[in-house]
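Work through the exercises below with the model open. Each task is followed by a stepwise solution.

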Amino acid sequence: MGDARVAIEVGQLTKQYATSRGGVLALENIGFTVQEGEFVSIVGPSGCGKSTLLKILAGLLETTSGTATLRGTAIRGPRKDIGVVFQAPVLFPWRTVLDNVMLPVEVQGLPREAHLKSALALLELVGLKDFESRYPWERSGGMQQRVAIVRGLVHDPALLLMDEPFGALDAMTRENMNLELQRIWMERRKTVLFITHSIPEAVFLADCVYVMTPRPGRIQHSERVALPRPRPLDVMTTPAFGEHVHRIRACFNSKGEVDA
Amino acid sequence: MNSPRNIGYGVVLFIAVTGLWEVTVRGLGIPIYILPPPSQIATAMVRGTMSGVYAKHLLSTVGGTLLGFVLGCVLAFALGTGVALSRRFDYFLYPYIVMFQSMPKVALAPLIIVWFGLGVTSKVVSAALVAFFPLMVNTIVGLRSADEDRVNLMRSLAATESQIFWKLRLPSALPFIMAGLEVAMILALIGTIVAEFVGAEAGLGMLIQSMNFNMDVAGQFSVLIVLAVVGLLLNRIVTLVRRRVLFWDFSEKSTAGPALEKPVAGLVATKGEAA
């Protein structure tokens, strides 16, 4: 990206969990930066601490040491300029699609009228126009996750955190959602931190992929992906794409971990 | 299920059973003060209804039941919320509440009559006491049942604790609360009848007592039928409200985990399953 403003800066971040048998080091010395408007994937096997990292950035967990800042201010708790999309859609079944999407606006006391417009525009962007007064359980899993993405974007956050958002979907839906997410991102140019355990998914979506290895969770490698956008699904069969995937996979193999 | 054919079978079955009852009782010469034939019960029912006697007592019983239900439920909800949300409340108060619950509250009825007299107050207090506990337990379980991911979502939005309560915990608790209300309604009726047995100026329970003294067994049977119908109707009302309020819960059944249905300390705490 030409724009060189830094959105997220993580420095020497360490997280230790206390257990009955002493501390467990979940994250060690994590450091990276994300530029404004950049799409960054973090890829790693289960238990490498990537979800812990996301929870810290979302302000749901405290760090043991080190810092994480967003637009220059430290993340010390939940804040209103972050949107989060979890692995499950986490919708409220007693609310309609629109009311689910408007939840952040309500909770944060933002002006309703202005955000209603952007909520409807976003719903249209993800193909959920005309479904806003239906209930989420009337829609498929992929549709529900779209609602969750719209909810993550409705209050126009500085950062969208996504924690394996498509992990629970079937392979075909997942590919569609990847295309969809790319389209949304190209339209809105949000700073996105996307966590996944699928290497191809990480490469397909990101400007930059950070590779995490477990015990303790560390960033082993960073991979710049300069493939032109919009990337069609076919890009996955090109040699350039294959090289990225290969280099990332090598990080796990060298550690004796095979995943994805 | 409700096909004309099945309704027809139902009517035939009913006629067959009552007919058999009538014939057996008359044939074997069973005295009317032991087991009255259906015809006598029907006569008693018509007599009691036409004279307006049943209506008067019915009003008293239903009034006591509803007031007791409301009182018990308001208290149960308030205390349940306190226990669910405050550690301190839970620690200091809950043991007493459980101790109180393990006592058969029906045994308190004579005391209640001494304290509150023969009027409607005693019924209300008795009904409230009996109805109180299941709703309180269900409120506690319900408020604690909010899905962890949803709590995290609310937290990530920088929601306050009170926003989390109103927008998430309370709606999540509603299936439990409604199930508690269903049980509480029936228990309130039982509490009222018990109070009326021990002493009251009016009420179907008191009517049964006085009929018993007069060996009017057919009359008692007819009042029992009235009580069964009342119980059924009260239950229907709660069920209807529940379906209205929980339109989303019935659709979510398949995704709600079995963990949500875990009873606490062997007490009532079930959601779902309508009567």
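**Helix packing and chain contact**

The crossing of α5(A) and α6(A) is right-handed, that is, the near helix is turned clockwise from the far one by less than a right angle. This is a predicted model, in which local features need pLDDT of at least 70, side-chain atom pairs count only at pLDDT 80 or more, and totals for chains, interfaces and linings use all residues. Residues are numbered from 1 along each chain as its sequence is written, while chains are lettered from A and ligands numbered from 1 in the order in which they are written.

**Exercise 1.** Describe how α5(A) and α6(A) pack.

*Step 1.* Locate the helices (DSSP runs of H or I, at least four residues, numbered from the N terminus): α5 covers residues 141-153 of chain A and α6 covers residues 171-188 of chain A.

*Step 2.* Their axes, lines fitted to C-alpha atoms over the stretch in contact, are 11 Å apart at an angle of about 20°. Angles run from 0 to 180 degrees between N-to-C directions.

*Step 3.* Angles under 35 degrees count as roughly parallel, so α5(A) and α6(A) are roughly parallel to each other.

*Step 4.* List the contacts (C-beta atoms, placed from the backbone, within 7 Å): A:G142, A:Q145, A:I149 and A:L153 in α5(A) meet A:T173, A:N176, A:M177, A:I184 and A:R188 in α6(A).

**Exercise 2.** Which element gives the most to the side of chain B that touches chain A?

*Step 1.* Count the contact: 14 residues of chain B meet 19 residues of chain A.

*Step 2.* Elements giving two or more residues on the chain B side are α7 (148-156), α8 (161-198) and α11 (247-252).

*Step 3.* α7(B) gives the most, with 6 residues.

Notes
Parallel < 35°, antiparallel > 145°, perpendicular 65-115°, else oblique. Contact = placed C-beta atoms within 7 Å.
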